[in-house]
Each structure stands twice: as C-alpha cells, then as structure tokens.
Amino acid sequence: ITIKEKPAEGEPVWTLVTDASSLAAGDQIVIVAKDHNYALSTTQNKNNRGQASVTKNGNTITLGSDVQKLTLETGNVSSTFAFNTGSGYLYASSSSSNYLKTETKLSANSSWSVTIAKDGTATVVSQGTNNRNTMQYNQSSSLFSCYGSASQQAITLYKLQ
C-alpha cells in the first residue's frame, strides 16, 4: 500500500510540465532546478536570480513565499514566451557575462523558446542578440542565470493547476 501525501485543502497545486504544448499565455509557472530542491527566487541580484527552497513530491512541488511566480505571456519573437515577474520580464542581458536580469519592456532578449523533454527537462533559450542566453541553475553559486551553452544544471517548469 502506498500512501501519497496530498496538498492541504485549498493549497495551490504546482505540477511538473512534461510537454511544452501544454503551456499557454496566462499560465502561472515557477522555474525549478531539475535535480535540486530550489526554485528561482523573488530576489533579483545585481546580475542573476537567487534560489528559494521548494519541496518536491513526485511530479508536484510545494513552494514558499520567496519563490518567484511567473505569468507566461506571448514573446515578441514567433513561438516564444515571456516570463512576467509582475514588475518586468526575465531576460538574458549579456553576450560576455552570465546574466539573468529583469527588464520593464518586452524585447527579443526577454522572449524565450521553451522545449521540454518527457522527463521534464526544460531548455529555455532567449531569442535576442545576447548569446549567453540559456537559462540554467548554477549549483556552486546557488543561483539561476544565463549561459552560452547548457554548461550548468538543468531546469524544469512547474505550472499552477
């Protein structure tokens, strides 16, 4: 017999996204390190985003108040999404440094292609001219940022049901 913990009554349910075609403008999502219990935090550091703890339970997570909830919007490049923080858009902000910042006006650098493998691994790539444009989790520095290739830790997306 397997007893599965269920979220408390009325508690939001965040579920792992395993197919990018299930995403749509208006969805609320969080970005989570695939192999770690950390999500993108509400803290915008000078050049990147901090981490916030989450609790994973199968294909769902429970998050604290310091996890950045993002609203998906249509990006300004075909077939892309923008991640709206409520005060701006996450964007790859450099070609020479590993930066993930927030800008107030939507651009190609804040328009992201999103592909998702069946195991939930998300490849999130900014479509602007800045070539440090692959969003990843950096375990050694405990942060989320953008890199020139998939050189750091994979991320996943969880969607509010």
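**A strand and its surroundings**

In the protein chain, residues 24 or more positions apart account for 55% of the contacts with a separation of 6 or more. The model is a predicted one.

The secondary structure comes to 0 helices and 14 strands. Read from the N terminus, the order of elements is β-β-β-β-β-β-β-β-β-β-β-β-β-β. The radius of gyration is 15 Å, close to the 15 Å that the globule rule gives for 161 residues, so the protein chain is as compact as a globular protein of that length. Along the principal axes, the C-alpha trace spans about 55 × 35 × 30 Å. Of the 161 residues, 45% are buried. The chain exposes about 8,000 Å², and carbon and sulfur atoms supply 45% of that area. There are 12 positive and 10 negative side chains, and the centres of the two sets lie 7 Å apart.

Next come the pairings of S13. Strand S12, residues 134-138, is joined to S13 by 5 bridges, and the two strands run antiparallel. Within this pairing, Tyr137 has Phe144 as its bridge partner in S13. Strand S4, residues 49-57, also pairs with S13 in the antiparallel sense, over 2 bridges. Here Arg49 is the residue whose bridge partner in S13 is Phe144. Phe144 is therefore a bridge partner of Tyr137 and also of Arg49, with strands counted as paired if at least two bridges are found between them.

S12 and S13 form a hairpin with 4 residues between the strands. Ser142 is found in that loop and has a positive phi of about 55 degrees, although Ser142 is not a glycine. Ser142 counts as partly exposed because its relative accessibility is 34%, a value between the 20% and 50% cut-offs.

Strand S10, residues 112-116, pairs with strand S11, residues 122-126, in the antiparallel sense over 5 bridges. The bridge partner of Thr115 in S11 is Thr123. This hairpin has 5 residues between its strands, and Gly120 takes a positive phi near 95 degrees. S10 has a covered face, made of Trp112, Val114 and Ile116, and an uncovered one, made of Ser113 and Thr115.

Thr80 lies in the loop between strand S6 (70-74) and strand S7 (81-84). Thr80 is buried, with a relative accessible area of 5%. Apart from neighbours within four places in sequence, Thr80 is in contact with Glu73, Thr74, Gly75, Ser111, Trp112, Ser113 and Gln127. Among these contacts, Trp112 belongs to the covered face of S10, while Ser113 belongs to the uncovered one.

Ser79 lies in the loop between S6 and S7 as well. Ser79 counts as exposed, because its relative accessibility is 72%, whereas Thr80 is buried. Like Ser142, Ser79 has a positive phi without being a glycine, here of about 60 degrees.

The other residue is Tyr91, in strand S8 (residues 89-92). Tyr91 is buried, with a relative accessible area of 17%. Leaving aside neighbours within four places in sequence, its contacts are Tyr99, Leu100, Lys101, Thr102, Glu103, Asn109, Ser110 and Trp112. Trp112 therefore touches both Tyr91 and Thr80, contact being heavy atoms within 4.5 Å. From Tyr91 to Asn45 is 46 residues along the sequence and 13 Å in space, C-alpha to C-alpha.

Conventions: Residues are numbered from 1 along each chain as its sequence is written. This is a predicted model: local features need pLDDT of at least 70, side-chain atom pairs count only at pLDDT 80 or more; totals for chains, interfaces and linings use all residues. Side-chain values use heavy atoms; hydrogens and water are left out. Buried means under 20% relative accessible area, exposed over 50%, partly exposed in between (1.4 Å probe, protein chains only). The radius of gyration is taken over C-alpha atoms; the globule rule is 2.2 Å times the number of residues to the power 0.38. Accessible areas come from the Shrake-Rupley method with a 1.4 Å probe; for residues, only the protein chains shown count as cover. Lys and Arg count as positive and Asp and Glu as negative; His and the chain ends are not counted. The place of a charge is taken as NZ of Lys, CZ of Arg, CG of Asp or CD of Glu.
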